[in-house]
Amino acid sequence: MKKILIIGANGFTGRQILNDLSVHAQYKVTGCSLHPDISPNDVGKYRFIETDIRNEADIKCLFEEVQPDVVINCSALSVPDYCETHHEEAYLTNVTAVSQLAVFCEEYKSRFIHLSTDFVFDGKMFVFDEKINEDAGPLYTEEDIPAPVNYYGYTKWKGEEKVAETCSSYAIVRVAIVYGRALPGQHGNIVQLVMNRLKAGQEIRVVSDQWRTPTYVGDVSDGVQRLIAHPTNGIFHICGVECMSIAEIAYQVADYMGLDHSLIHPVTTEEMNETTPRPRFSGMSIDKARTMLGYKPQKLKEVLANWEHL
């Protein structure tokens with residue numbers, strides 16, 4: 001029986017992975033977070049430990065207690081605007097803590113699966129047109145060199161480097177705009193936010209010239225599960241199969257849920273006037289994950305069609 005430790009188990013992605021792995025008899029699952037378990041009624045399916053991974057002594061106690069075969073790190077300070085104005089805190093969580101986890105994974109011979117982001121890229125190698133298409137350039141692959149445009153992306157890139165240089169067994173999982181049904185106590189995501197606003201009859205401004213590969217949270221969990229037993233080290237893009245603008249995401253939500261299309265107001269990056277820069281394009285290729293892992297993510301419309309049953 002493999003002992004699995006999931007860090008950041010209260011978060012949106014971490015909770016999905018925790019729930020999915022807990023139903024498998026071959027795994028003994030422990031979740032940990034800085035705060036109490038958001039689903040205490042599920043205790044019995046897994047173990048839950050409150051831990052501050054920014055504290056090295058806490059990490060040491062955690063590893064001694066769990067003795068994990070696999071560590072899945074879903075924890076991060078992931079709000080770009082906050083990271084931009086809180087450099088020390090962002091570095092501590094996204095780099096220093098990750099480095100400490102990597103050291104303990106190596107000591108305990110644990111496979112380290114670390115979640116990262118498409119925001120390690122700047123998108124400047126692409127030519128922008130009114131709509132991204134096959135002529136706009138290739139998607140980013142795992143071989144492309146990161147060049148983040150904000151501090152959040154920088155810290156996630158540095159965290160990746162700490163994992164790769166420390167661990168004998170590791171996988172870095174880059175995800176992008178993870179969406180799905182949020183649980184009480186969790187932060188929302190773009191699909192849930194658009195849906196909630198439109199259902200309430202509220203207008204919403206969405207950027208029309210930033211392109212991503214949106215990813216269903218269940219597909220991230222599936223990709224991570226495939227990497228638990230996969231022996232290969234390296235970076236894997238575990239994201240969606242479609243590259244689309246943020247505005248396109250919002251329009252698909254409106255269309256498939258029968259909501260008011262006219263409440264959506266597309267604006268340019270300049271008009272959005274965001275305080276923190278974002279990459280204009282960060283679409284990632286899943287060819288490596290498809291070939292090596294058999295990874296087959298769903299399209300947004302497929303997830304939306306099944307939304308009430310998620």
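Author: Let us start with Thr 51, which sits in the loop between strand 3 and helix 2. Helices and strands here are DSSP runs numbered from the N terminus (H or I over at least four residues for helices, E over at least two for strands). This is a predicted model, in which local features need pLDDT of at least 70 and side-chain atom pairs count only at pLDDT 80 or more, while totals for chains, interfaces and linings use all residues. Residues are numbered from 1 along each chain as its sequence is written, and side-chain values use heavy atoms, leaving out hydrogens and water.

Is Thr 51 buried or exposed? Its relative accessibility is 9%, so Thr 51 counts as buried. Buried means under 20% relative accessible area, exposed means over 50%, and partly exposed lies in between (1.4 Å probe, protein chains only). Leaving aside residues up to four places away in sequence, Thr 51 touches Cys 32, Ser 33, Leu 34, Asp 58 and Leu 62. A contact here means heavy atoms within 4.5 Å.

The side chains of Arg 47 and Glu 65 meet in it, at 2.1 Å from N to O. That pair links distant parts of the chain, with Arg 47 in strand 3 and Glu 65 in helix 2 (residues 56-66), 18 residues apart. A salt bridge is a side-chain nitrogen of Lys or Arg within 4 Å of a carboxyl oxygen of Asp or Glu. Arg 47 has 36% relative accessibility and therefore counts as partly exposed; Glu 65, at 45%, is partly exposed too.

Helix 2 also packs against helix 4 (residues 87-107): their axes come within 10 Å and cross at roughly 30°. Axes are lines fitted to C-alpha atoms, for helices over the stretch in contact, and angles run from 0 to 180 degrees between N-to-C directions. From helix 2, Glu 56, Ile 59, Lys 60 and Phe 63 meet Ala 97, Gln 100, Leu 101, Phe 104 and Cys 105 of helix 4. Together the residues of this contact divide into six nonpolar, one polar and two charged. In that grouping Ala, Val, Leu, Ile, Met, Phe, Trp, Tyr, Cys and Pro are nonpolar, Asp, Glu, Lys and Arg are charged, and the others, Gly among them, are polar.

Asp 37 and Arg 15 form a salt bridge with their side chains, at 2.7 Å from N to O. This pair too links distant parts of the chain: Asp 37 lies in the loop between strand 2 (27-33) and strand 3 (47-50), and Arg 15 in helix 1, 22 residues apart. Both Asp 37 and Arg 15 are buried.

In helix 5 (residues 151-166), Glu 161 and Lys 158 are three residues apart, so about one helical turn separates them. Their side chains meet in a salt bridge of 2.8 Å, N to O. Glu 161 is partly exposed, with a relative accessible area of 33%, whereas Lys 158 is buried at 17%. Asp 81, Glu 274 and Arg 278 are linked in a network of salt bridges. By the rule given above, the count comes to 12 salt bridges.
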